[in-house]
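Have the picture open as you go.

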Amino acid sequence: MDWITTVDHKKIGILYLMSGFLFFLFGGIEAILIRVQLAVPENDFLSGEIYNQIVTMHGTTMIFLAVMPAIFGLMNAIVPLQIGARDVAFPFMNAVSFWMFFFGGVLLNCSWFLGGAPAAGWTAYAPLSDIYEGLGMDFYVLGLQIAGAGTLMGGINFLVTIVNMRAPGLTWMRLPMFTWSIFITSVLILFAFPALTIGLFLLFFDRLFGGNFFDPSAGGNPIIWEHIFWIFGHPEVYILILPAFGILSDVISQHSRKRIFGYTSMVLALVLIGFLAFMVWAHHMFTVGLGPVANSVFAIMTMAIAIPTGVKIFNWLFTLWGGQIRFTTANLFALGFIPTFVMGGTTGVMLAVVTADFQFHDSYFVVAHFHYVIVGGLVFGLFAGIYHWWPKIFGRFLNETIGKWNFWLFFIGFHLTFFPQHFLGLMGMPRRNFTYPAELGWGDMNFISSIGAAFMGVATILFTWNIVVTSIKGEKAKGDAWYGDGRTLEWSISSPAPEYNFAQTPLVKEFDAFWAEKRNGNDRVTPAEPLGEIHMPNNSIIPIIMSFGAFIAGFGFIFSAENKSSLFVAAFGLAIMFGSMLVHSLYDDHGHHLIPDELKQKESKRKGAEA
Amino acid sequence: MSNHSAPFVPHPETATLEGKNKFLAFWFFLGGETVLFACLFGTYLGLTRDLSGVEPGPDQLFELPTIFAATMALLISSLTSVLAIIQMRKNNMAKMQFWFWVTILLGWVFVGLEVNEFYTYVTVEDFTYSSNAFASSFYTLLGFHGGHVFFGTLWILTLILQTLKKGINTTTAPKLYIASLYWHFVDVVWVFIFTVVYLMGKVG
């Protein structure tokens with residue numbers, strides 16, 4: 001019950017991580033099915049229709065339901081601790097964000113059992129998604145709409161938290177890199193997700209209410225979908241990768257026992273990448289026919305992103321240089337990230353060459369490129385972050401031996417899977433096709449690629465095993481878990497953090513505040529206030545009810561294309577949603593207070609347990 | 001957290017951290033809303049670039065007197081919401097509620113005029129949502145805005161109910177203040193709609 005009603009950012013973080021991982025397993029199984037189908041030429045393991053559904057759901061699930069929530073999980077669990085706050089700015093809304101994402105994801109996956117999953121690709125290009133595809137697309141539209149609303153609320157919440165709730169002395173240029181990356185990510189969410197909202201609405205209105213946005217025979221234009229989708233979709237790529245950059249900066253500096261090299265340039269690079277993310281959407285549309293001027297501008301903008309990204313890569317290398325590197329699993333994933341991501345970035349620059357893109361377009365070269373960026377970049381980054389912060393979140397370490405097996409199998413499997421796909425693409429193998437003839441000679445490399453996917457599958461099973469084993473019998477972690485090398489504020493409190501995070505708000509005097517205090521001989525960060533009453537928000541059942549209302553409304557709208565009376569179901573769902581909003585607004589919940597005596601007892605108990 | 005006994009502060013809307021958070025979050029939210037409407041405007045402009053041969057076109061359809069009335073209602077309601085906030089800062093509950101009621105009523109006048117306008121287009125001109133891409137983008141853009149106005153009136157209404165129960169304090173003031181911010185935003189969007197849709201439709 002506590003988990004359903006919680007408004008504690010640490011618990012919400014865990015909820016995000018767990019449900020994200022569950023969807024990651026779904027998306028992973030879909031990936032394995034794709035690779036089984038493509039392992040040999042002219043395979044009939046899956047039909048074309050099922051293959052389309054699986055490819056669509058693989059992309060949609062991985063992006064929206066697996067890696068996004070994993071990022072939200074880490075940011076929920078860590079950012080308030082890194083900035084010395086007791087909670088996020090809006091704990092209630094934080095719970096709403098999670099449940100909206102969760103029910104959106106459930107709604108999307110209900111499509112498997114209710115007439116077939118969406119099958120128009122994760123980009124849902126019109127007019128295919130608009131006119132030719134069935135009910136599955138309605139699940140896509142409404143599932144993403146609900147999940148997206150949660151994401152947008154989460155983004156705003158973290159922007160306000162980071163701007164307004166930093167501990168005294170924690171100026172912008174002392175902010176840990178992970179928090180910086182989450183700040184920029186949240187800005188991108190804020191300006192990108194409304195575009196998706198509108199795109200989905202237009203598709204929704206076309207499909208259910210007879211609109212003509214994407215129907216050329218009635219004056220519509222399917223290219224508008226592509227513009228709106230990529231105005232959202234390209235920043236989305238950076239919403240995914242920037243947190244990985246942040247994780248990497250923190251992991252590498254801590255596990256090399258060195259301050260991050262070139263902090264200011266790291267921050268500027270983040271800001272610059274965030275800005276450029278909005279300037280490049282049309283590079284997804286070079287072959288649409290926007291004309292040479294538009295194509296050139298977007299090509300140059302795209303190539304320009306390589307500059308700040310290069311700055312970051314070199315700064316990580318310089319941080320490692322001369323550091324006392326510890327090859328923990330977290331750091332291995334971080335180190336594996338660097339060359340892999342550089343390869344993904346390089347093919348990105350290749351794709352930005354417009355004339356060459358006419359060859360690469362919609363081939364496996366593109367598939368290889370974005371998997372190098374998203375799996376080789378983001379997923380490696382997430383693994384690094386999860387191994388790194390696991391002891392802080394759960395109070396126990398993940399097993400390092402299994403972790404290293406996990407890393408090497410995943411790393412080798414990854415390159416085995418996606419490296420050959422560059423060549424397949426150059427040999428002309430198109431993406432999205434469910435099979436290929438034997439005489440084209442694509443069989444061998446596809447087979448290798450499928451073996452690699454199996455390696456990654458085994459690695460994921462090992463990771464799951466690691467979670468199970470260590471949650472039963474894992475090594476307990478101290479507050480400053482990793483060899484006492486913690487640099488930022490989250491390591492200065494016990495693991496897992498108490499519900500109020502900091503008994504006394506810390507006073508930050510330098511960059512890497514905790515490290516600086518330890519260097520000056522202190523074992524804790526100077527407090528900024530005397531021990532006093534702490535105000536905590538109360539748990540609430542309303543967020544889950546509200547999101548459940550949205551879920552019901554989604555079902556109502558989905559089936560309204562077949563049966564108009566299901567609009568009543570939609571109205572009922574909306575009534576639940578707005579009703580619970582009204583209840584929340586009319587009955588203020590003032591929360592509760594923790595008194596100093598109680599705090600002292602709790603704190604000394606923790607100290608005793610750690611010693 | 002009994003705010004009732006606390007002395008009244010001149011800017012109750014940003015007196016607490018909670019209030020400051022709400023204030024900032026709402027500005028961010030409006031940033032997102034800007035993108036939302038920008039996409040709708042972009043779609044509208046993209047789909048109405050060439051309306052030759054489309055019957056009825058915007059110049060036949062739009063009637064400026066009604067639109068003028070709607071514009072006046074909405075612009076004046078923005079002014080009355082400012083007057084309400086001024087009274088809020090003076091801790092004058094009765095006058096604040098009066099001005100918010102005027103705001104709500106003007107909002108309803110606006111929504112009524114818009115519903116009437118749509119009704120005329122559909123019944124007299126046979127210009128329905130499915131007629132063509134111009135119709136879809138017109139009704140969607142205007143409908144989103146009208147929906148925002150209507151939602152805003154309901155929102156302000158619940159806040160009036162809240163202040164009846166709790167009075168003006170550091171908990172309610174931020175909510176009242178951001179509702180008025182929202183109201184101005186909706187008004188600004190209308191200025192763009194008036195220009196891009198109606199004026200350009202008539203003379204563009």
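**Cores, surface and cysteines**

In the largest nonpolar core, which has 236 residues, W316(A), F337(A), F62(B), F138(B) and Y198(B) touch the most other members. A nonpolar core is a set of buried Ala, Val, Leu, Ile, Met, Phe, Trp, Tyr and Cys residues joined through side-chain atoms within 4.5 Å. The largest share of this core, 20 residues, comes from helix α7 (residues 177-209) of chain A.

This is a predicted model, in which local features need pLDDT of at least 70, side-chain atom pairs count only at pLDDT 80 or more, and totals for chains, interfaces and linings use all residues. Residues are numbered from 1 along each chain as its sequence is written, chains are lettered from A and ligands numbered from 1 in the order in which they are written, and side-chain values use heavy atoms, leaving out hydrogens and water.

Q: Is M72(B) buried, exposed or partly exposed?
A: Buried means under 20% relative accessible area, exposed over 50%, and partly exposed in between (1.4 Å probe, protein chains only). M72(B) lies in helix α3 of chain B. Because its relative accessibility is 33%, M72(B) counts as partly exposed.

Q: Which helix gives the most to the nonpolar patch?
A: The patch is made by F68(B), M72(B), L75(B), I76(B), V188(B), V191(B) and F192(B), and covers about 610 Å². With 4 residues, the one that gives the most is α3(B).

Q: How many helices does chain B have?
A: Helices (H or I, at least four residues) and strands (E, at least two) are DSSP runs, numbered from the N terminus. The elements of chain B run α-α-α-α-α-α. Chain B has 0 strands, and its number of helices is 6.

Q: How many disulfides does the structure hold?
A: A disulfide is a covalent bond between the sulfur atoms of two cysteines, counted here when the pair is within 2.5 Å. C39(B) is a cysteine that counts as buried, at 10% relative accessibility. Over all chains, the number of disulfides is 0.

Q: What separates the C-alpha atoms of T16(B) and T195(B)?
A: T16(B) sits in the segment before α1 (17-47) of chain B. Along the chain, T16(B) and T195(B) are 179 residues apart. Their C-alpha atoms are separated by 39 Å.

Definitions and conventions. Patch = residues over 30% accessible without salt bridge, like charges linked within 9 Å, V, L, I, M, F, W, Y side chains within 5 Å. Areas by Shrake-Rupley, 256 points an atom, 1.4 Å probe, with all protein chains shown as cover. Salt bridge = Lys/Arg side-chain N within 4 Å of Asp/Glu carboxyl O.
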